[in-house]
Amino acid sequence: MSTDQNILVKLNDAGLQLNNKWLVKGVSLQVEKGKIVTLIGPNGSGKSTTAKIALGIYKKIDGSVEKYTNKVGYVPQKISIDWTLPLRVNDFMMLTESLNKETIDEALSLTGVIHLKDKNLGDLSGGEFQRVLLARAISKKPDLLVLDEPVQGVDFTGEIALYELIKKISDELSCGILLISHDLHTVMSATDHVVCLNGHVCCSGSPIDVAKNNEYKALFGEQASQILSRYEHKHDHIHTDEGEIKKN
Amino acid sequence: MFDDFFIRALVAGIGVAFVTGPLGCFVIWRRLSYFGDTLAHSALLGVTLAFTMEFNIAISVFIISSMIALILIQLQKKTNLPGDALLGLLAHSSLAVGLVVIGFLTFIRFDIMGLLFGDILAVSVDDLLIIWIGGALILLVLKLIWKPLFASTVNYELAEAEGLNPDRAKAIFTILMAAIIAISIKMVGLLLITGMLIIPAAMARNLSSSPQSMVIYSIIGGLLSVIIGLFTSLEFNTSSGPSIITAALLLFILSLFKIKQSIKLKN
């Protein structure tokens, strides 16, 4: 199998112009099966726009997007739902795909909100709603997950648990994840590829490579660079085929 | 059995209520009540066209309403006017043009009150066929586009991102709106059709906690309104449209006493 067949979505020099202003320009990246690609960058650097370009929400873009799957789960950064709709969590879970009860229950349990299943969507707190959004996105077992700040408003312990869950989902379903996050600490430990945006791709590569990059340092400061490098560590053991741990 | 005009009206009204129930829910959810009004007002043009060309009323109303919907979409793209101004422009100008054309058609005796407010005496066996076959088609198509239409009503970007093609669903829904107006014009009259769409659905909102239950309550509300309204119309010799809508209003007022607790808490 060549790596090409693992590609789920690929942006070629993609950009979006609105009212003669570039929101983001010249972004090339690709998300592969089982890999987590994280977009970082300051506010207004075009992270969400890039995610929406990858999802095909914007039609008139510069460059091109190649999307190789239609099984997509999306957690948007902002979601405006009209609360005049009578909508329970359970109805919301089946919004874009009909799922059976077990699948819904499993996803809601994973994100820790199974007890809210019959509640009205408008009655949830911000953090609860965020967990429901994540549950909905993973419940359809997508090939590609696009998560735009998926843990905003979630309490501290929940945040760590949810990031672990995201990592687990990526491994178990071998789905590709395009993640947007501000939390450098938590994210970098799990990310395979980092794209640092600032209206354009400022630098990209493995978390370690990006941390060493001068443009990244200029954008986020020396301290952020140290956060990233902390995840650079030597493995002192290897796993044998039998699952045993062997010291180097 | 269909010899009796009242039975015909009842069968027609029940057919209409089955379709306005679910469509009315979408009219409320998508905030389209003024859009429904515009299409209904333009129906008068369709009726005059049908009379001048000796054509079927429902079909010509359907064609004209669909055209108005298309013109609206074009105007929204090409002008800088807000949506409600464009709707008002189209609603009142098509109503006015329709009335002017009627003024020219002196050789035909028009029952304008019947057109505006509905006339149960006018429902023929052909109308019954149009209502039930047309209504079944509308419901079938609505069922087919339900998922993308509902998902994009909740959130457009989610529906688009997850590959449901919400734009196509919206276009098809617009055509369904023109169709329901075309088949229900004789029963309710063109000034009150939107009432038939909105009021039972509004009543249903007060009673329901899920989209499915709202659709079911909306259909039940519509059926009750038609039955109560038509019997009142027969008894007191009132126009069928206003009688049905008044019945719907009474049901809505009753539903206010049963509003779900969660809504009250929020307000």
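A nonpolar core is a set of buried Ala, Val, Leu, Ile, Met, Phe, Trp, Tyr and Cys residues joined through C-beta atoms within 7 Å, where buried means that 20 or more other C-beta atoms, placed from the backbone, lie within 10 Å of the residue's own. The model is predicted, so local features need pLDDT of at least 70 and side-chain atom pairs pLDDT 80 or more, while totals for chains, interfaces and linings use all residues. Residues are numbered from 1 along each chain as its sequence is written, and chains are lettered from A in the order in which they are written.

Start with the core. Select Val146(A), Ala43(B), Val61(B) and Ile181(B): of the 150 residues in the largest nonpolar core, these touch the most other members.

Return to Val146(A). Leaving aside residues up to four places away in sequence, its contacts (C-beta atoms, placed from the backbone, within 7 Å) include Ala51(A), Val72(A) and Leu178(A).

Next, show helices H2 (residues 33-53) and H4 (residues 83-104) of chain B, which pack at about 20° with axes 8 Å apart (lines fitted to C-alpha atoms over the stretch in contact; angles run from 0 to 180 degrees between N-to-C directions). That makes H2(B) roughly parallel to H4(B) (angle under 35 degrees). Among the residues that meet are Phe35(B), Leu45(B) and Thr48(B) from H2(B), and Leu87(B), Gly98(B) and Ile102(B) from H4(B).

Note on methods. Helix = DSSP H or I, 4+ residues; strand = E, 2+ residues; numbered from the N terminus. Parallel < 35°, antiparallel > 145°, perpendicular 65-115°, else oblique. Contact = placed C-beta atoms within 7 Å. Buried ≥ 20, exposed ≤ 12 C-beta atoms within 10 Å, placed from the backbone.
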